[in-house]
Each structure stands twice: as structure tokens, then as C-alpha cells.
Amino acid sequence: MGITKAMTAMAQAAAAAITEHGVAIAPGVHWIGALDPGLRSFDIILKTANGTTYNSYVVRGSAGVAVIDTVKENFSETFFSRLESVARYDEIRAIVLNHLEPDHSGALPELLKRAPQAQLYISSRAQPMLKGLLHGERLNYMPVTTGDRVELGDRTLHFLQTPYLHWPDTQCTFLEEEGILFSGDVFGCHFCDARLFNDAVGDFRFSFEYYYAHIMRPFRAHVLEALEQIEPLPLKLIAPAHGPVLRDAPERYVVRYRELSASKLKNEAAGEKTLVVFYVSAYGSTRAMAEALAAGAEDKGGVRVSLYDIEGGEVAPFVDLIEEADALAIGSPTINGDAVKPVWDLLSSLTAVNVRGKIGAAFGSYGWTGEAMQMVEDRLRGLKLRLPVKGVRARLIPTTEELASCRALGEQLALHLTGRVENRIIDMAELA
Amino acid sequence: MPKAQVTFQDVGVTVTVPAGTRLIEVSEKVGAGITYGCREGECCTCLTKVISGHENLAPPSVLEDQVLKDNFAPRHHRLACQAQVLGGEIVVKPA
């Protein structure tokens, strides 16, 4: 048996140490989720060094039971076993899905069959997704939004719509009487430990931060909006959909989310707009274009311009710079009919941050075909940047006129950035 | 063919277009900040504020109307991938 297999077997043995019963997390509230210690990659984009958990919960009130979230489909057996240990199916009045991704909705179809009387509650933003998950099944669901409540007799579930954390459908559910926030993926992490609670499990700080960086960071503006709703809550416990249950000092994790959602870099440009220019250059031609563009932007004033050779740095800090910048210009030579790999490596990493609405531009030198500029422009549009000024290409060594065009491109970017562009009237035919 | 004038306020460009043109056909080409996701009227990414000339756009389809309602779109907001220009003058900007 290899070391990895041995470790996985140990983790599975630890997982089995939790009985098939629900685990009480507060009076009348149980964890009924599943442990997945063998998982090593989640949603393709995340490494999971010690697996994950799919957390679901049961809340018992004097007038019925609510189930909050389910598990990935292949863990349904464990989920139902734990559910049956703390409630009967005919007691279930409410099923709440805080997030419809399949790792939380996998057992939903079967649960709806076993508890047909239960009312399903999802965010009003989740409706198209529910239809996409449960094709053709007739569903009786209740769309809810912030302020809506479900009464379970002596207990009340209160919904907070928190879209884009990390899907449009995401919401949190607050159990008022116990101060428990069922937070969905918010405050979650991929960390599998059968000891379950944050004051009992191993050190999961890295997993918490890593999860934020990959799942929440692209949506940090939405995180800040959600925190406005979450911070005033009298929290006693956070019950996320992955990773440890946060019963010890739950407010620490709320504070940490606010810290993580702040700018990663102090903005040295203060009130000025910022343009970052990145380039790769084999013989200095694309570099000369980048320098001309930067000089043109700088000349117009009001814009702080920075110039970087992509080959001279690592991708991650460049992504941090771009996240904070107002505009981005990318220069790539065309080699074998394509933009070059360092440029694609940078561009493919920008999904980790929000670049929507920033101003973008492309430029570059080429030998005989020159596709790179258009490809980079298309990628920038795909990333939802706006490209108000067409890019510049130059065959091999840029001429004085071509460098002047780069300079003009920089000037135009500066004018757009500072709101000084004059209104133009054009015919659609000119746009072809 | 009847013409219309669409102004994309955020980039300061007015485009003369034939009647029947959808905003999506023009906005990206002028570099306006209206961004697109599905491009099929479902995801609401391209929600656009119609500052003036709302009456110069074809009324929303049943599908567009539903998507606008589902996403709590304010009055005089349209999906740029769906909204079709009829004539006159229209001024838009990203929502």
C-alpha cells in the first residue's frame, strides 16, 4: 500500500469513527452530513488535501422539523441514515436549500420522495437552477428572499439572500432562537475531520483562506454586501455547508471575511486612475509598443501608469495588481498564429478576481499573420472588460507611425479612464 | 430602411443603426461597459439602464419580461442581448 493510499485509509477510518447518527450542535439541532476524506480535487479548481465534508442539518421545532441542505448524491445513504436517527420523514415540514450545487442538492430528489409533504424553500434567484437540476420533475417550491421566515412552532428560520457567494442562488438561513447561521458555502472550507467542530479539529486555517481565495474572491463586492446583513446578527454558531462547524468564536470568521474582502494592496495611486500595461517581447518590438502606449497615457495626466514584462514576474502578484487597477493593456507578439503562453497564463488566471467593467486594450508585434491582438481582445471581452479603443498591431519592428498609434491608444485609454472623452457619432457600418 | 440613434453613455459614442438592430450587435463593438453572459436572454448579465428613449425599443418578450422580474430589474431596464431598436433616439448605460 502506498503512502497516499495508507493515509486515505486512515482518514476513512477516522470518518467511520463518527457513528451513523446525527451529531448535536445545539439543543434540537443536528449535523446530518457526510464526510468525504478521500476527495483530492473539488470542482476541478480546488485541491483538497484532506478531503471535504458535505454538511447538512436538522432543526427540530415544536411544530415540525426542517432539513437544511443535503449532500452529494453518492453520500445519500449516510445522509438518510443520520437523518433517520434524529427525525421521521413525516415530521419534516421544511426543506431549505441554501445553494443548489450538486454537492448540496444531490440527495434532494430522494428526500422529496420520502417526505412529500415537506415544503421546499430556495432563494428566488435559484429558480432557473432548480429547473436545470431536476428536469421534468414537478416541484412545489417556495422562492424566498431576505426577510422571509418559516415558523416551526417555537423556532423560526429567517432567510438572508446573499447572491453570488458563489452562485446567483446562494442564501443563508438564520435560526433566530439559537443564533445559528446556516451559511451555505460562506465561511466554509474543504477540510474533512470527524471531530467536526472548529475547536476540536486539526488546523484548518489554510483551508479556510484557500477556499475564500478560490471560491469567494471573484465575488468580493458581493461578500461585502452579504456581510452587511450577517454582521448585525447575534451569532452563537456558524454552520457552513463544508468543513468544520464554527462554534468557538464564530464572529472571528466574519471578521476574517471582511479582512479578506478588503483590497489586497494599498492603493499608492490614491485618487488617481490606474493603468497597468503588461507585455511579452522576443526582440523588443512589443516592448517598444508598450512603452509608447504607457507614455501616451502618462502624458494625458490623471492616470498612474505601470509597465510590466510578464516574463519577469509571477502570475499571482500580477493578478493582485490587475484586481486593483482601473485599466489593463496587454501586449503579445504573435507566434505560430497565437498569443504567447505567458500571456495566456496571465489571462486564464483572471477568473480568480473580478475584472468586469474595467477598461482593456491589446497590442503587439507580429511577423506575418498577427492574430494575437484580436485573440487577446476577445479574451478581454470574455472577461467582461470593456474595450473602447481598438488595439494596435505592428509588423515586426514598429514604424514611427505605428508607435504614434500606440501612443494615441494610451492617450485614448487615459481619456476614457478619466471621463474626458468627447462624444462621437458614428454609423454602424463603420464598426464592421 | 428606418434608422435609429443609440448612445452608449459610458463610452460617449452615438451609433446610427438600422431599425431592428439589437443592442448586443453594437455595444461590444464600441467598447461599452455592457457585459454579456449567456447572450440568450436567460442570465441577466447584460442588464442595461435605458436612460431615455425607452419607447423606442421593441417591448420585451414574455421570456425577457420574466427574467427581468426574476432579477428584480428596476423600471426602464432591459436585457441588451434582447432589446431591439425601433427608431428615434435611445440612450443607454450599464445597469
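## A walk through chains A and B

Let's start with chain B, whose secondary structure comes to two helices and five strands (helices are DSSP runs of H or I with at least four residues, strands are runs of E with at least two, and both are numbered from the N terminus). Before going on: this is a predicted model, in which local features need pLDDT of at least 70 and side-chain atom pairs count only at pLDDT 80 or more, while totals for chains, interfaces and linings use all residues. Residues are numbered from 1 along each chain as its sequence is written, and chains are lettered from A and ligands numbered from 1 in the order in which they are written.

Trace chain B along its sequence and you get β-β-α-β-α-β-β. Its C-alpha trace spans about 35 × 25 × 20 Å along the principal axes. A compact globule of 95 residues would have a radius of gyration near 12 Å, and chain B agrees because its value is 12 Å (taken over C-alpha atoms, with the globule rule being 2.2 Å times the number of residues to the power 0.38). C44(B) isn't a glycine, yet it has a positive phi of about 70 degrees. Most residues other than glycine have a negative phi, and most peptide bonds are trans.

Now for how the chains meet: 18 residues of chain B are in contact with 20 residues of chain A (contact means that C-beta atoms, placed from the backbone, lie within 7 Å). On chain B's side, strand β2 (residues 13-18) gives the most, with five residues. By class, that side has seven nonpolar, seven polar and four charged residues (Ala, Val, Leu, Ile, Met, Phe, Trp, Tyr, Cys and Pro count as nonpolar, Asp, Glu, Lys and Arg as charged, and the others, Gly among them, as polar).

Over in chain A, the domain assignment gives domain 1 (3-261) and domain 2 (273-417), with bounds that come from an automatic or database assignment. The C-alpha centres of these two domains of chain A lie 42 Å apart. Their contact takes six residues from domain 1 and four residues from domain 2.

Chain A has a backbone exception too: the peptide bond from L165(A) to H166(A) is cis, with omega near 15 degrees. H166(A) belongs to the loop between β13 (156-161) and β14 (171-175) of chain A.

Next, some helix packing. In chain A, the axes of α7 (residues 220-230) and α8 (residues 251-261) come within 9 Å and cross at roughly 150 degrees (axes are lines fitted to C-alpha atoms, for helices over the stretch in contact, and angles run from 0 to 180 degrees between N-to-C directions). That makes α7(A) roughly antiparallel to α8(A) (under 35 degrees is roughly parallel, over 145 roughly antiparallel, 65 to 115 roughly perpendicular and the rest oblique). Residues making this contact include V223(A) and L227(A) of α7(A), and V254(A) and Y257(A) of α8(A). The contact residues divide into six nonpolar, one polar and two charged.

The other pair is α9 (residues 285-300) and α13 (residues 400-417) of chain A, which pack at an angle of about 40 degrees with their axes 7 Å apart. α9(A) and α13(A) are therefore oblique to each other. Among the residues in this contact are A292(A) and G296(A) of α9(A), and L403(A) and G410(A) of α13(A). By class, the α9(A)–α13(A) contact has 14 nonpolar, two polar and four charged residues.

How values were computed. Contact = placed C-beta atoms within 7 Å.
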